[in-house]
Amino acid sequence: MGHVATHAKLSKKMADILIKNQRKTARDRILRDLAHLVQFEECLWSWNHPDHKNQVRRKKAWKRILAGLRQIYSEVELERAEVSNLPCIKRRWKSLQDSFT
(Lines give C-alpha, C1' and ligand atoms only; values in the text may rest on other atoms or scores of the structure.)
Protein backbone atom coordinates (compact mmCIF):
# COMPACT_ATOMS: atom_id res chain seq x y z
CA MET A 1 0.00 0.00 0.00
CA GLY A 2 2.87 2.37 0.82
CA HIS A 3 4.36 1.83 -2.62
CA VAL A 4 1.10 2.84 -4.32
CA ALA A 5 0.83 5.98 -2.18
CA THR A 6 4.44 6.91 -3.00
CA HIS A 7 3.78 6.38 -6.72
CA ALA A 8 0.70 8.61 -6.50
CA LYS A 9 2.77 11.34 -4.78
CA LEU A 10 5.46 11.06 -7.45
CA SER A 11 2.85 11.31 -10.20
CA LYS A 12 1.37 14.42 -8.59
CA LYS A 13 4.83 15.93 -8.20
CA MET A 14 5.70 15.09 -11.83
CA ALA A 15 2.43 16.61 -13.02
CA ASP A 16 3.17 19.79 -11.05
CA ILE A 17 6.63 19.99 -12.63
CA LEU A 18 5.22 19.47 -16.12
CA ILE A 19 2.62 22.20 -15.59
CA LYS A 20 5.32 24.54 -14.28
CA ASN A 21 7.50 23.77 -17.32
CA GLN A 22 4.57 24.39 -19.69
CA ARG A 23 4.03 27.81 -18.10
CA LYS A 24 7.74 28.54 -18.33
CA THR A 25 7.77 27.51 -21.96
CA ALA A 26 4.75 29.70 -22.77
CA ARG A 27 6.39 32.59 -20.92
CA ASP A 28 9.62 32.05 -22.83
CA ARG A 29 7.72 32.06 -26.14
CA ILE A 30 5.92 35.28 -25.19
CA LEU A 31 9.18 37.00 -24.23
CA ARG A 32 10.83 35.81 -27.43
CA ASP A 33 7.92 37.18 -29.45
CA LEU A 34 8.08 40.43 -27.48
CA ALA A 35 11.73 40.79 -28.49
CA HIS A 36 10.88 40.11 -32.14
CA LEU A 37 8.09 42.69 -32.11
CA VAL A 38 10.30 45.31 -30.47
CA GLN A 39 12.91 44.64 -33.14
CA PHE A 40 10.46 45.95 -35.76
CA GLU A 41 9.78 49.13 -33.76
CA GLU A 42 13.13 50.81 -34.27
CA CYS A 43 12.08 54.02 -32.52
CA LEU A 44 12.04 52.09 -29.23
CA TRP A 45 15.65 50.98 -29.32
CA SER A 46 17.63 52.99 -31.87
CA TRP A 47 19.05 56.22 -30.50
CA ASN A 48 19.51 57.43 -34.10
CA HIS A 49 15.87 56.97 -35.08
CA PRO A 50 14.12 60.33 -35.65
CA ASP A 51 11.17 59.26 -33.44
CA HIS A 52 13.27 57.91 -30.57
CA LYS A 53 12.46 60.96 -28.41
CA ASN A 54 8.87 61.30 -29.65
CA GLN A 55 6.77 59.95 -26.76
CA VAL A 56 3.55 59.84 -28.80
CA ARG A 57 5.08 57.66 -31.52
CA ARG A 58 6.85 55.48 -28.97
CA LYS A 59 3.56 54.88 -27.14
CA LYS A 60 1.89 53.94 -30.43
CA ALA A 61 4.73 51.49 -31.07
CA TRP A 62 4.19 49.87 -27.66
CA LYS A 63 0.45 49.64 -28.38
CA ARG A 64 1.16 47.87 -31.68
CA ILE A 65 3.39 45.41 -29.84
CA LEU A 66 0.75 44.72 -27.22
CA ALA A 67 -1.89 44.28 -29.95
CA GLY A 68 0.42 41.83 -31.73
CA LEU A 69 0.90 39.78 -28.58
CA ARG A 70 -2.86 39.80 -27.94
CA GLN A 71 -3.46 38.33 -31.41
CA ILE A 72 -1.21 35.40 -30.58
CA TYR A 73 -1.75 34.76 -26.85
CA SER A 74 -4.66 34.74 -24.44
CA GLU A 75 -5.01 37.40 -21.77
CA VAL A 76 -4.28 34.77 -19.11
CA GLU A 77 -1.01 33.81 -20.80
CA LEU A 78 0.00 37.47 -21.08
CA GLU A 79 -0.84 38.07 -17.41
CA ARG A 80 1.27 35.08 -16.37
CA ALA A 81 4.20 36.45 -18.40
CA GLU A 82 3.58 39.88 -16.87
CA VAL A 83 3.03 41.61 -20.23
CA SER A 84 -0.74 42.17 -20.23
CA ASN A 85 -0.70 45.99 -20.36
CA LEU A 86 1.58 48.84 -21.43
CA PRO A 87 3.30 49.53 -18.08
CA CYS A 88 3.96 45.81 -17.60
CA ILE A 89 5.24 45.31 -21.12
CA LYS A 90 7.65 48.26 -20.81
CA ARG A 91 8.88 47.00 -17.44
CA ARG A 92 9.38 43.48 -18.82
CA TRP A 93 11.29 44.85 -21.82
CA LYS A 94 13.52 46.94 -19.54
CA SER A 95 14.20 43.86 -17.46
CA LEU A 96 15.14 41.87 -20.56
CA GLN A 97 17.45 44.64 -21.75
CA ASP A 98 19.13 44.87 -18.37
CA SER A 99 19.76 41.14 -18.29
CA PHE A 100 21.84 41.39 -21.47
CA THR A 101 23.86 44.51 -20.63
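Which residues are buried in helix 2? Keep that in mind as you open the structure, which is a predicted model.

**Stop 1: helix 2**

Select residues 55-72. This is helix 2, with 18 residues. At 1.5 Å a residue, helix 2 should span 26 Å.

Now colour the buried residues. They are Arg 58, Ala 61, Trp 62, Ile 65, Leu 66, Gly 68 and Leu 69. Turn the view until you look down the axis of helix 2. The buried residues fall within an arc of 155 degrees, so they line one face of the helix.

Next, look at the face turned away from that buried side. Select Val 56 and Gln 71: both are exposed there.

**Stop 2: the start of helix 2**

Select Asn 54. This residue caps the N-terminal end of helix 2. Show the side chain of Asn 54 and find its oxygen. A side-chain oxygen lies 3.1 Å from the backbone nitrogen of Val 56.

**Stop 3: Glu 41**

Move to the loop between helix 1 (2-40) and helix 2, and select Glu 41 there. Is Glu 41 buried or exposed? Its relative accessibility is 14%, and buried means under 20%, so Glu 41 counts as buried.

What does the side chain of Glu 41 touch by a polar contact? Show Arg 64. The two side chains make a polar contact at 2.8 Å. Then widen the selection. Leaving aside neighbours within four places in sequence, Glu 41 is in contact with Ala 61, Arg 64 and Ile 65.

**Stop 4: the cysteines**

Select Cys 43. This residue is buried, with a relative accessible area of 7%. Then select Cys 88. At 18% relative accessibility, Cys 88 also counts as buried.

A disulfide is a covalent bond between the sulfur atoms of two cysteines. How many disulfides does the model have? The count comes to 0.

**Stop 5: Asn 85**

Stay with Cys 88 and show its backbone nitrogen. The side chain of Asn 85 reaches that nitrogen at 2.9 Å. Asn 85 sits in the loop between helix 3 (75-80) and helix 4 (86-99). With 30% relative accessibility, Asn 85 counts as partly exposed.

Asn 85 and Ala 67 are 18 residues apart in sequence. In space, their C-alpha atoms are 9.8 Å apart.

Technical notes:
Residues are numbered from 1 along each chain as its sequence is written. This is a predicted model: local features need pLDDT of at least 70, side-chain atom pairs count only at pLDDT 80 or more; totals for chains, interfaces and linings use all residues. Side-chain values use heavy atoms; hydrogens and water are left out. Helices (H or I, at least four residues) and strands (E, at least two) are DSSP runs, numbered from the N terminus. The expected span of a helix is 1.5 Å times one less than its number of residues. Buried means under 20% relative accessible area, exposed over 50%, partly exposed in between (1.4 Å probe, protein chains only). The arc is that of the directions from the helix axis to the C-beta atoms. A polar contact is a pair of N or O atoms within 3.5 Å; within protein, one must be able to donate a hydrogen and the other to accept it, and residues adjacent in sequence count only if both atoms are side-chain atoms. Contact means heavy atoms within 4.5 Å. A disulfide is a pair of cysteine sulfur atoms within 2.5 Å.
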